[in-house]
Amino acid sequence: MTIALIAGSGMAGRAAALTLRRVGWTGEIVLVGDDPEYPYDRPPLSKSVVVGTADMSKVIKPAPEVYEQDGIDLRRGVTVTVADASAKTAELSDGSTVAWDALVLATGCAPRQLPIPGLELPGVHRVTRLDEALEIQSVLATGPKHLAIIGGGFIGMEVAAAAVAAGHTATVLEAAPKPMSRPLGPEVAERVLQWAMDRGVVVRAGVGVEQVSGDDIATGVRLVGGEEIDADLMIVAVGQTPRLELAQQLGCEEIVGGIKVDAGMRTSVADVYAVGDIAAFPSKWADEDRIRVEHAAVAIGHGQVAAEQIATGEGRYDDLPSFWSDQGDLTLNVVGVARPDDEIVWRGDHALPACTAFYLREGKMRAAFSVSDMKTLRGVRKLFAAGVSPTPEQLADPAVDLAALAAAG
Amino acid sequence: MTQVSIGSLSDFPEGTPTRVEADGTALCIVRVGDTVHAICDDCPHAEASLSEGDFLADDMAIECPLHGSAFNLTTGDPDCPPATEAVEVFTVTVDGDSVLVDV
């Protein structure tokens with residue numbers, strides 16, 4: 001019997017396991033994850049889960065019985081501790097040893113650690129795992145609260161927007177002068193920030209957090225310079241770093257802070273695949289040799305391709321990268337690979353309720369950012385698929401039908 | 001499996017997604033000519049009501065209003081990320097003027 005071992009039960013690992021069966025793999029599937037919960041979707045954690053509006057049957061999915069039906073040996077709360085590429089064995093934290101034929105590394109990221117005193121106090125939360133998001137939910141359920149959110153990235157802004165929409169108040173503290181500038185570019189980021197503030201989120205950018213205040217329980221934060229900000233609960237969302245230890249043990253080649261893979265998600269080590277956050281993969285949509293993307297849709301696509309490779313020897317990941325961020329009533333969609341220094345062209349005016357911005361580099365459209373403008377977004381996807389890049393003037397003109405331009409070639 | 005009446009043909013304007021509840025199941029109904037399609041109204045990707053999305057006649061699909069995956073009315077399959085799972089497709093019978101769905 002051949003065995004596929006999947007290290008990591010996040011979105012990429014889960015997709016790999018489920019896809020293996022779907023594409024006809026008849027070998028054993030061992031899916032190992034350090035999370036004690038059944039595999040779940042991560043994006044809702046910072047949105048509907050923290051404020052308690054999520055339908056949990058759509059977050060924890062598939063239903064637990066599917067693993068048994070599909071013959072997936074899911075081991076929750078277990079990690080791969082040692083992996084050997086030449087013997088093709090792995091030791092697991094439950095004491096067992098697995099002799100694998102294919103190994104999928106889906107180890108994801110670990111939350112970044114900040115050297116701030118007081119982070120260990122009760123009342124300081126993270127939102128990287130379901131149990132953590134549910135803890136926040138139970139606190140918010142007791143009545144209106146004031147949240148201090150350390151970190152003004154997508155996760156922090158999503159939690160803030162969801163909390164404010166649910167009747168709480170939130171202050172976001174971000175060290176960088178312009179939050180979200182790296183993924184969105186400064187011009188678009190400024191708009192998104194303004195929209196959040198218009199909705200009542202307080203954003204303090206360019207501030208350092210010196211410590212979390214409080215003796216037995218966190219009562220607020222003290223900023224560099226001495227200012228105190230009181231809060232009922234604190235949420236730390238300051239980014240994450242890829243977990244590469246297992247891949248490094250196996251001797252996988254690294255590049256751009258991740259594990260180098262080909263379009264079939266194969267690492268430099270035979271029969272070892274890397275997927276999701278840790279994978280540095282080739283993309284025809286990027287200028288770089290390899291890119292690393294920490295977003296759900298990409299992780300799932302990686303898992304599916306790795307599974308196809310294991311089962312059939314075929315399959316390439318060449319999806320147009322995309323991600324979304326739900327911030328209260330606003331849904332941001334980004335397709336393509338944007339860089340912070342790209343030239344921005346807005347389509348028409350850049351006012352809500354619906355608008356789109358294009359990212360241009362060397363005169364070519366590289367990405368698009370859209371809020372509630374599905375028609376334009378669909379046109380953009382068609383343009384990318386057709387390999388057509390309109391002129392900046394065409395992109396800027398709302399009267400120009402982008403889908404028609406794509407069809408015309 | 002029960003067959004449930006969800007109304008008459010004239011209740012469903014051509015090409016306009018409409019949400020109906022049939023025996024506790026939320027459905028997104030689209031009429032195209034004399035054919036009526038029914039898919040699950042809940043986007044499998046996130047919390048969105050597909051009947052609030054647009055009908056894409058060229059693709060015979062419903063576009064999720066939040067993140068843009070379009071679901072084929074016959075197969076239920078999404079055409080692009082972020083959705084990766086198909087929506088459930090329900091069998092519709094048009095009997096004279098009345099529309100019946102197997103749920």
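**Around a serine, then the salt bridges**

Modeller: Let's start with A:Ser46: leaving aside neighbours within four places in sequence, this residue is in contact (heavy atoms within 4.5 Å) with A:Val127, A:Ile155, A:Glu158, A:Val159 and A:Ala162. This is a predicted model, where local features need pLDDT of at least 70, side-chain atom pairs count only at pLDDT 80 or more, and totals for chains, interfaces and linings use all residues. Residues are numbered from 1 along each chain as its sequence is written, chains are lettered from A and ligands numbered from 1 in the order written, and side-chain values use heavy atoms, leaving out hydrogens and water.

Biologist: Is A:Ser46 buried or exposed?

Modeller: Buried means under 20% relative accessible area, exposed over 50%, and partly exposed in between (1.4 Å probe, protein chains only). A:Ser46 has 3% relative accessibility, so it counts as buried.

Biologist: Which side chain does the side chain of A:Ser46 make a polar contact with?

Modeller: A polar contact is a pair of N or O atoms within 3.5 Å; within protein, one must be able to donate a hydrogen and the other to accept it, and residues adjacent in sequence count only if both atoms are side-chain atoms. For the side chain of A:Ser46, the distance is 2.6 Å, and the partner is the side chain of A:Glu158.

Biologist: Which residue forms a salt bridge with A:Asp41?

Modeller: A salt bridge is a side-chain nitrogen of Lys or Arg within 4 Å of a carboxyl oxygen of Asp or Glu. Here the closest N and O atoms are 2.5 Å apart, and the partner of A:Asp41 is A:Arg14.

Biologist: How many residues apart are A:Asp41 and A:Arg14?

Modeller: Helices (H or I, at least four residues) and strands (E, at least two) are DSSP runs, numbered from the N terminus. A:Asp41 sits in the loop between β2 and α2, while A:Arg14 is in helix α1 (residues 11–22). The pair links distant parts of the chain, and the separation is 27 residues.

Biologist: A:Asp35 and A:Arg129 meet in a salt bridge too. Which of them is buried, and which partly exposed?

Modeller: A:Arg129 has 25% relative accessibility, so it counts as partly exposed. A:Asp35 has a relative accessible area of 7%, so the buried one is A:Asp35.

Biologist: How many salt bridges does the structure hold over all chains?

Modeller: One of them joins A:Asp287 to A:Arg339, at 3.4 Å between the closest N and O atoms. Over all chains, the count is 33.
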